[in-house]
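Good morning, everyone, and thank you for making the time.

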Amino acid sequence: PQTVCIFGTGDFGRSLGFKMFQCGYSVVFGSRNSRMSSLLHSGAEVFSYSEAAQKSDIIFIAIHREHYEFLRELTEDLNGKILVDVSNNPKINQYPESNAEYLAQLVPGAYVVKAFNTISAWALQSGALDASRQVFVCGNDSKAKQRVMDIVCALGLTPLDRGSLKAATEIENYPLQLFPMWRFPFYLSAALCLFFFIYCVIRDVIYPYVIENKDSTFRMAVSIPNRVFPITALTLLALVYLPGVIAAILQLYQGTKYRRFPDWLDHWMLCRKQLGLVALGFAFLHAIYTLVIPIRYYVQWRMRNTTLSKVITKKDDPFFTSTAWHSDSYLSVGILGFFLFVLLGITSLPSVSNMMNWREFRFIQSKLGYLTLILCTAHALLYGRKRFLSPSILRWYLPSAYVLALIIPCTVLVIKFILIMPCINNTLKRIRRGWE
Amino acid sequence: PQTVCIFGTGDFGRSLGFKMFQCGYSVVFGSRNSRMSSLLHSGAEVFSYSEAAQKSDIIFIAIHREHYEFLRELTEDLNGKILVDVSNNPKINQYPESNAEYLAQLVPGAYVVKAFNTISAWALQSGALDASRQVFVCGNDSKAKQRVMDIVCALGLTPLDRGSLKAATEIENYPLQLFPMWRFPFYLSAALCLFFFIYCVIRDVIYPYVIENKDSTFRMAVSIPNRVFPITALTLLALVYLPGVIAAILQLYQGTKYRRFPDWLDHWMLCRKQLGLVALGFAFLHAIYTLVIPIRYYVQWRMRNTTLSKVITKKDDPFFTSTAWHSDSYLSVGILGFFLFVLLGITSLPSVSNMMNWREFRFIQSKLGYLTLILCTAHALLYGRKRFLSPSILRWYLPSAYVLALIIPCTVLVIKFILIMPCINNTLKRIRRGWE
Amino acid sequence: PQTVCIFGTGDFGRSLGFKMFQCGYSVVFGSRNSRMSSLLHSGAEVFSYSEAAQKSDIIFIAIHREHYEFLRELTEDLNGKILVDVSNNPKINQYPESNAEYLAQLVPGAYVVKAFNTISAWALQSGALDASRQVFVCGNDSKAKQRVMDIVCALGLTPLDRGSLKAATEIENYPLQLFPMWRFPFYLSAALCLFFFIYCVIRDVIYPYVIENKDSTFRMAVSIPNRVFPITALTLLALVYLPGVIAAILQLYQGTKYRRFPDWLDHWMLCRKQLGLVALGFAFLHAIYTLVIPIRYYVQWRMRNTTLSKVITKKDDPFFTSTAWHSDSYLSVGILGFFLFVLLGITSLPSVSNMMNWREFRFIQSKLGYLTLILCTAHALLYGRKRFLSPSILRWYLPSAYVLALIIPCTVLVIKFILIMPCINNTLKRIRRGWE
Ligand SMILES: Cc1cc2nc3c(=O)[nH]c(=O)nc-3n(C[C@H](O)[C@H](O)[C@H](O)COP(=O)(O)OP(=O)(O)OC[C@H]3O[C@@H](n4cnc5c(N)ncnc54)[C@H](O)[C@@H]3O)c2cc1C
Ligand SMILES: Cc1cc2nc3c(=O)[nH]c(=O)nc-3n(C[C@H](O)[C@H](O)[C@H](O)COP(=O)(O)OP(=O)(O)OC[C@H]3O[C@@H](n4cnc5c(N)ncnc54)[C@H](O)[C@@H]3O)c2cc1C
Ligand SMILES: Cc1cc2nc3c(=O)[nH]c(=O)nc-3n(C[C@H](O)[C@H](O)[C@H](O)COP(=O)(O)OP(=O)(O)OC[C@H]3O[C@@H](n4cnc5c(N)ncnc54)[C@H](O)[C@@H]3O)c2cc1C
Ligand SMILES: NC(=O)c1ccc[n+]([C@@H]2O[C@H](COP(=O)([O-])OP(=O)(O)OC[C@H]3O[C@@H](n4cnc5c(N)ncnc54)[C@H](OP(=O)(O)O)[C@@H]3O)[C@@H](O)[C@H]2O)c1
Ligand SMILES: NC(=O)c1ccc[n+]([C@@H]2O[C@H](COP(=O)([O-])OP(=O)(O)OC[C@H]3O[C@@H](n4cnc5c(N)ncnc54)[C@H](OP(=O)(O)O)[C@@H]3O)[C@@H](O)[C@H]2O)c1
Ligand SMILES: NC(=O)c1ccc[n+]([C@@H]2O[C@H](COP(=O)([O-])OP(=O)(O)OC[C@H]3O[C@@H](n4cnc5c(N)ncnc54)[C@H](OP(=O)(O)O)[C@@H]3O)[C@@H](O)[C@H]2O)c1
Ligand SMILES: CCCCCCCCCCCCCCCC(=O)OC[C@H](COP(=O)(O)O)OC(=O)CCCCCCCCCCCCCCC
Ligand SMILES: CCCCCCCCCCCCCCCC(=O)OC[C@H](COP(=O)(O)O)OC(=O)CCCCCCCCCCCCCCC
Ligand SMILES: CCCCCCCCCCCCCCCC(=O)OC[C@H](COP(=O)(O)O)OC(=O)CCCCCCCCCCCCCCC
Ligand code: HEM
Ligand code: HEM
Ligand code: HEM
């Protein structure tokens with residue numbers, strides 16, 4: 001079997017060695033003190049760094065960057081060898097150059113390849129490779145890179161070639177990130193939630209307390225969240241489709257698609273997926289909070305009360321077909337909207353979207369996406385139908401929250417409607433096709 | 001770094017060039033007018049077509065097929081080079097031969113490889129490679145193909161080898177398709193929905209209007225969809241398992257599994273997955289429409305009314321254990337059926353099914369699939385239990401819709417039950433094992 | 001095109017040949033009787049085994065192991081050839097050595113590679129490659145292995161290198177497994193369900209029958225499952241996080257992380273994912289059973305009754321804000337817990353978890369996981385709030401079931417709370433970092 005060398009008998013060196021041993025490699029370790037440790041897998045051999053380097057033409061440097069210095073003395077032994085830099089830093093952009101480039105400077109005669117830094121020692125050891133099996137690889141020598149990628153494959157991991165060693169900085173930053181694309185959607189939705197929560201508390205809790213001295217604090221547990229969540233969902237959903245129409249207007253205005261968008265628009269367009277999924281989350285919460293309504297003590301009490309008051313006043317309880325239509329239609333439209341929403345979510349799963357061609361993906365995301373927006377907006381419009389314009393719903397001059405929620409969706413839909421009118425649409429299509 | 005050449009500075013050429021530049025390649029463009037355009041990435045060089053061809057041994061032809069003619073004059077420059085055909089056509093099967101084969105005819109001395117046509121210029125440019133990252137590759141020369149596949153990998157895409165250049169037709173048609181496998185299930189379910197909708201409107205809206213002059217149009221918003229959707233779901237679910245039993249009967253009858261099935265059966269069997277998922281969609285809708293029932297104005301009004309009439313008539317409201325059993329059991333069975341249904345859906349996700357071995361997949365899809373069918377059928381049977389045979393449910397001689405819905409599922413289950421009886425099952429197993 | 005040879009014109013040989021033919025290979029068969037069969041694809045050629053062997057340097061042995069004997073006579077023809085062993089056994093570990101190793105013994109001069117045994121003949125034939133597209137490959141000669149892996153790729157399948165021929169045993173056992181990792185979670189949850197079902201039947205059905213002679217059997221359809229399922233879900237969820245704290249205590253006690261955990265703990269830790277997903281399944285069932293509550297006959301009858309009794313006794317029906325708070329808060333907390341639970345489930349989908357880096361995955365699974373546990377425990381605690389300590393809920397000295405359900409979660413949370421106190425946490429971190 002092929003022999004590989006690992007420098008450093010620390011946590012990562014050991015785990016990697018063990019995994020490689022399992023996959024049929026013969027492993028030699030280089031260490032400061034070359035006695036065999038009981039922690040290494042049986043069959044492993046430990047040598048001094050320079051001895052170990054001679055046993056194999058591929059060497060994994062499982063040492064922290066701070067200690068790389070001593071490799072400078074080994075330049076001769078390492079000449080012509082493939083050095084695999086696996087190191088990470090504790091902070092993003094800690095050093096001016098990436099660890100791998102630093103290594104390449106230290107040992108100019110070696111072929112440095114960056115790889116394996118995204119894999120955790122613990123995952124290698126325990127076999128629970130649940131998070132990313134992707135190993136990003138980069139390096140200037142393509143043969144050396146190929147050798148490393150073959151080893152990656154042999155360990156059951158997926159190599160991803162990222163080009164030359166310049167990419168090392170990015171690769172080293174990758175494992176330190178925590179959901180960079182989700183940050184903006186997250187903060188945005190948190191801000192929206194907070195705003196609407198306070199808005200609703202003012203209208204639904206403080207106002208009745210001040211005016212009627214009624215204690216409605218309990219509304220903060222279910223009723224108000226069930227206002228805040230759908231409103232946030234609808235707003236976010238509209239914000240997914242807003243950048244598209246802004247981009248279209250910009251392109252129409254500039255008459256070309258080759259001028260770059262402003263940065264904020266670019267960034268916004270790139271996190272639409274995340275915005276959409278967060279919106280789906282809120283819609284999901286809305287759905288469950290809604291379905292739970294009839295179980296609530298307050299609702300059951302209200303129903304009993306209504307019945308009792310009818311009994312007492314001996315009034316009739318006539319059936320209004322129009323009310324039935326109203327109630328049923330907004331529910332029905334909401335359910336259909338939610339269904340399409342979920343469909344959008346399912347098709348964003350990487351494995352599903354990967355099965356579709358571009359045309360199909362656009363069809364779902366753009367056509368069905370707009371249909372979702374239309375249905376959800378219609379749902380909210382229908383829900384508020386009667387109350388919408390009545391002044392009686394103003395409390396301290398504040399309109400009902402859903403009135404605010406409808407502003408952005410309606411705007412987006414109206415602009416989109418204008419944009420798809422044949423004359424404008426054709427101009428736009430011409431611009432996007434590249435005929436200037 | 002490696003140099004590649006791109007013919008054509010159009011939309012796709014530019015986007016591809018930019019992406020390759022990012023991934024560490026050095027890119028030269030061939031163009032009709034060889035002045036540098038501001039739209040190209042910095043560092044790009046533009047030459048005449050013949051000059052550019054000499055700079056690299058691999059050339060991407062980012063030109064529409066209609067303009068290929070001029071390449072005939074470059075045969076000398078292109079001799080021995082790898083030509084990558086990236087072109088698409090606006091329509092399926094527009095030309096007798098595929099574009100790549102046409103290119104190979106034009107430039108007989110070159111190695112033509114088809115690739116990249118499934119990737120959109122916009123996706124390359126914006127980095128939003130959400131839909132397919134798969135690049136289908138085909139070509140007659142395996143070394144040339146390997147070269148192209150290496151580039152595909154280096155761009156972070158997934159190459160899929162499709163064999164010789166004959167496969168180009170298929171590859172060129174691929175991006176023009178819009179859910180070909182979903183078409184039949186979609187039309188079938190649309191037809192079923194329409195039929196049952198009209199059926200239910202006749203029974204539940206027109207009949208009461210004619211007979212009692214009662215306006216029940218509001219039922220069309222929730223009540224009737226909540227009849228139509230589960231019925232369609234159940235029928236489609238049964239239609240997923242029907243071809244299996246038909247196939248078994250055919251095989252038993254013919255005594256061999258090596259006679260081909262009729263075409264319709266073959267096609268039907270291949271779109272069972274899609275049928276099943278559409279059925280799941282309808283079942284999902286049924287579930288939500290059902291859970292929303294107690295929120296509806298009509299239902300709340302009816303409940304109040306019942307209570308009021310009890311108050312007025314001063315009748316007792318005794319509790320019937322058998323009714324409770326009935327109501328609870330059909331709900332419980334329906335929920336369990338739905339749960340298994342969702343499980344079937346989850347295991348159809350490409351990434352999940354890919355983690356299972358064949359035996360596990362068959363176990364879920366076939367065994368649990370039948371259990372799902374049994375539970376769903378039982379749910380509908382239990383629901384209609386009492387009313388099932390009573391003549392009072394006939395309206396204009398039309399039975400309740402769910403009676404129709406039960407025909408196919410019951411048939412499938414009965415035949416399946418016969419097929420798994422030991423004697424028949426053994427014969428079938430023998431046939432399928434290959435012992436004729 | 002490249003020529004490959006297949007020994008055996010049985011089911012698998014034929015299907016494989018057909019597939020390879022489709023992908024551009026030229027296929028020759030070796031068979032006991034070398035007449036062309038109508039079942040083979042057109043263009044196939046059939047020869048005697050020894051003749052066929054000479055046509056290609058790569059030979060697929062599509063023959064059952066029992067019949068391998070005759071290959072011994074062909075050693076000369078097979079010398080230096082690549083033999084691909086595709087065979088499976090009917091039972092796990094049926095023979096002392098794997099089929100591939102046996103083949104290598106029989107034909108010492110050939111390069112034996114194990115592959116394709118996980119692919120079903122029927123799947124190859126019908127194109128419905130839904131279950132695993134992964135082809136595990138192992139062999140001692142890396143060039144031979146590479147050749148086979150290239151073919152695997154060319155057929156549109158995914159090769160996975162598993163190292164030397166020693167891995168063949170494992171590869172041969174793989175297609176015979178039926179959810180090995182799910183077995184323990186499944187039996188555990190079945191046992192828990194059964195226990196709690198009986199417990200609840202005693203308390204909720206037998207007790208009222210004995211004491212009040214009341215027939216509550218109907219509770220077994222919905223009410224009791226809706227007690228058993230959430231309790232099982234909560235217990236399983238706690239059991240997901242229990243091994244982590246046990247491991248931490250062990251590591252603290254031993255002062256090192258390099259001592260192996262006892263076997264049971266190791267196994268437990270490796271099936272936490274499965275435990276968690278089963279818990280999610282039960283939580284899902286609980287959610288639907290809960291949402292269905294207001295549709296049940298029993299519940300509607302009870303509501304009518306309550307109203308009627310209020311009418312008759314003419315008592316007031318006052319509104320208790322504290323009860324409203326109580327009811328709304330446990331619902332709200334439960335919904336949020338369920339939402340995070342679903343999020344954990346979504347991030348376990350292989351394609352999603354593969355997109356995350358290790359830090360992100362740990363964040364979701366560990367941080368949000370504990371938050372889920374906290375919310376779900378709080379939900380159950382709040383639900384039982386008042387009744388929790390009251391002796392009136394004891395029936396035959398048996399407390400309510402949810403009291404039992406809370407034992408493990410609370411224990412886990414308390415220990416975890418102790419473990420994350422700065423002093424202990426720092427020690428633990430030091431131990432886990434590898435500084436002993
Ligand atoms: C639940 C949910 C899930 C989602 N999942 C995803 C997801 O997985 N992936 C994803 O990307 N989005 C996702 N989204 C976001 C959204 O659905 C998509 O971004 C959608 O495609 C936007 O549609 P649009 O018509 O506004 O976009 P676009 O058509 O993209 O917007 C128009 C603008 O895009 C540019 N553009 C588009 N095509 C071209 C072209 N050919 N040439 C030049 N310019 C072009 C133009 O600048 C144009 O002005 C999701 C949304 C939701 C609600
Ligand atoms: C929600 C949902 C999701 C679904 N997802 C999928 C999916 O992802 N993928 C999918 O394929 N299906 C999917 N289905 C469809 C369905 O579950 C499967 O097709 C299921 O396997 C059919 O079971 P069966 O027992 O009828 O099939 P089969 O056993 O396949 O039907 C029997 C017939 O198949 C042939 N056959 C099967 N095995 C052999 C063999 N070894 N040798 C020769 N002939 C054989 C025979 O001709 C036989 O007559 C889904 C269904 C639902 C409801
Ligand atoms: C719905 C659901 C889905 C789930 N899906 C998954 C899944 O897809 N994949 C999955 O793995 N789990 C999954 N789980 C299980 C669970 O969420 C995870 O196992 C979770 O990571 C456990 O968190 P913890 O903090 O207890 O684990 P840990 O932190 O892993 O537990 C601590 C112990 O782990 C060991 N350990 C951890 N890191 C190190 C280290 N760096 N060095 C040394 N030792 C270390 C130590 O022995 C330590 O004592 C799922 C659970 C649920 C409920
Ligand atoms: N742990 C992970 O999960 C993980 C994941 C990805 C990448 N990495 C990277 O892998 C590398 C090693 O990480 P690790 O976790 O294995 O670290 P570690 O446990 O601290 O081991 C570091 C090893 O470096 C060697 N070394 C050489 N000169 C040294 C010096 N002057 N001082 C200290 N040690 C020296 C030591 O080996 P000898 O005693 O044998 O000389 C020591 O065991 C780091 O670059 C890290 O970023 C780790
Ligand atoms: N756009 C996509 O999303 C996409 C996706 C996949 C595949 N493709 C394929 O890529 C190819 C190019 O598409 P494109 O979108 O880049 O088209 P385009 O923008 O119209 O560009 C075509 C280019 O072809 C060159 N060309 C050479 N001879 C020509 C002639 N006689 N008339 C016109 N142009 C001539 C021109 O480049 P010079 O001016 O430099 O000579 C022109 O820029 C097509 O085959 C297309 O099917 C495109
Ligand atoms: N079927 C599957 O789904 C599947 C999946 C994975 C792996 N496999 C493996 O593929 C191999 C073949 O399976 P199969 O399903 O094709 O089996 P099969 O249909 O029974 O075919 C076996 C073939 O072996 C040949 N053979 C040579 N000597 C023989 C002898 N003495 N007695 C009987 N047959 C002899 C025969 O071909 P000639 O008549 O041409 O000599 C026969 O057609 C097995 O090792 C199996 O484990 C099968
Ligand atoms: C139940 C409905 C869904 C409820 C919850 C919706 C959750 C929405 C939030 C998803 C968050 C995913 C975190 C991903 C982490 C990450 O970084 O993941 C990273 C990846 C890749 O991201 P990039 O493309 O940015 O690299 O993101 C994903 O792949 C996200 C896929 C999420 C798919 C959600 C699918 C929802 C399907 C719901 C179906 C069932 C609905 C049933 C309704 C009753
Ligand atoms: C919420 C339950 C689900 C509700 C909706 C069900 C949707 C059913 C339709 C799915 C349509 C997928 C379009 C795929 C487009 C495509 O061509 O996709 C193409 C791919 C590949 O198809 P081929 O195998 O034909 O190549 O298809 C798929 O992979 C489809 C996978 C769909 C998986 C659905 C999983 C549902 C999981 C639900 C879990 C949560 C349930 C929660 C219940 C409360
Ligand atoms: C609807 C909520 C979900 C309801 C049901 C939850 C099902 C839980 C059980 C999942 C069983 C998966 C069987 C896998 C078979 C297998 O071996 O699969 C094998 C693979 C790989 O396993 P290994 O890691 O052990 O190799 O397992 C998986 O990948 C399991 C992924 C399951 C993901 C479940 C995701 C649920 C998402 C729900 C979203 C929508 C929620 C909507 C709420 C209204
Ligand atoms: C399962 C599907 C859905 C159902 C059953 C449903 C039901 C309801 C109900 C009953 C209300 C009234 C709530 C109340 O009385 O306080 C409501 C309000 C609302 N819904 Fe939905 N809905 C669904 C999906 C959606 C979706 C997908 C969206 C959009 C993203 C949405 C947006 C809204 C909005 C904005 C309101 C007004 C909130 C308010 O101010 O009270 N709904 N919905
Ligand atoms: C969440 C799970 C489910 C619940 C709670 C549920 C509940 C119900 C209810 C309450 C009814 C009566 C509807 C009415 O009064 O109009 C019903 C009817 C029905 N259900 Fe379900 N069901 C579920 C799942 C399913 C599934 C998975 C199927 C099959 C695919 C199914 C098929 C049917 C059918 C065919 C009817 C009869 C429709 C009619 O004619 O009214 N159900 N279900
Ligand atoms: C959709 C979200 C949820 C809702 C609406 C919900 C609602 C409820 C309701 C109404 C009850 C009282 C049931 C009864 O009266 O018999 C209950 C009980 C309970 N729930 Fe949840 N729940 C949810 C999620 C969860 C989750 C995720 C868990 C934990 C895994 C959980 C654990 C429990 C437990 C242990 C009980 C006590 C069961 C008993 O003994 O009756 N719930 N829940």
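Since I will speak of helices by number, let me first say that a helix here is a DSSP run of H or I that is at least four residues long, and that the numbering starts from the N terminus. Please also keep in mind throughout that what you see is a predicted model.

Between which chains does ligand 7 lie? It is placed between chains A, B and C, and of the 17 residues around ligand 7, those that come nearest are Phe179(A), Trp182(A), Lys273(A), Gln274(A) and Pro350(A). Three of these residues also make polar contacts with ligand 7 through their side chains: an N or O atom of Gln274(A) is 2.7 Å from an oxygen atom of the ligand, one in Trp182(A) is 3.1 Å from an oxygen atom of the ligand, and a polar side-chain atom of Lys273(A) lies 3.2 Å from a ligand oxygen. Taken alone, ligand 7 exposes 910 Å², of which the protein buries 81%. As for the elements that give two or more residues to this shell, they are helix 11 and helix 13 (321-348) of chain A, together with helix 13 (321-348) of chain C.

Let me turn now to ligand 4, which has 19 residues around it, the nearest being Thr9(A), Phe12(A), Ser31(A), Tyr49(A) and Asn88(A). On its own ligand 4 exposes 880 Å², and the protein buries 79% of that.

Next come the iron sites, and I will start with chain A. Which residues coordinate the iron atom of ligand 10? They are His286(A) and His379(A), each through its NE2 atom, at 2.0 to 2.1 Å, and the site is octahedral, with angles of 87 to 180° among the six donor atoms. This pair links distant parts of the chain, for His286(A) sits in helix 11 (residues 272-291) and His379(A) in helix 15 (residues 358-384) of chain A, 93 residues apart.

In chain B, the iron atom of ligand 11 is coordinated by the NE2 atoms of His286(B) and His379(B), at 2.0 to 2.1 Å, and its six donor atoms subtend angles of 87 to 179°, which makes the arrangement octahedral. In chain C, the iron atom of ligand 12 is coordinated by NE2 of His286(C) and NE2 of His379(C), again at 2.0 to 2.1 Å, and that site is octahedral too, with angles of 86 to 179°.

Finally, how are the copies arranged? Chain B can be laid on chain A with an RMSD of 0.1 Å by a turn of 120° and a shift of 0.0 Å along the axis, which is the relation of a three-fold axis. In chain B, the C-alpha nearest that axis belongs to Ser351(B), 3.3 Å away from it. Only 13% of the interface residues of chain B are also interface residues in chain A, so the copies meet through different surfaces.

Notes
Residues numbered from 1 in each chain as written. Chains lettered and ligands numbered in written order. Predicted model: local features only at pLDDT ≥ 70, side-chain atom pairs only at ≥ 80, totals over all residues. Heavy atoms only, no water. Donors = N, O, S within 2.8 Å, 3.2 Å for Na, K, Ca; no water. Tetrahedral: all angles 85-135°; square planar, octahedral: opposite > 155°, others 65-115°. Least-squares fit on C-alpha atoms with pLDDT ≥ 70 in both. Contact = heavy atoms within 4.5 Å. Near = heavy atom within 4 Å. Polar contact = N/O pair within 3.5 Å; in protein donor to acceptor, adjacent residues only side chain to side chain. Areas by Shrake-Rupley, 256 points an atom, 1.4 Å probe, with all protein chains shown as cover.
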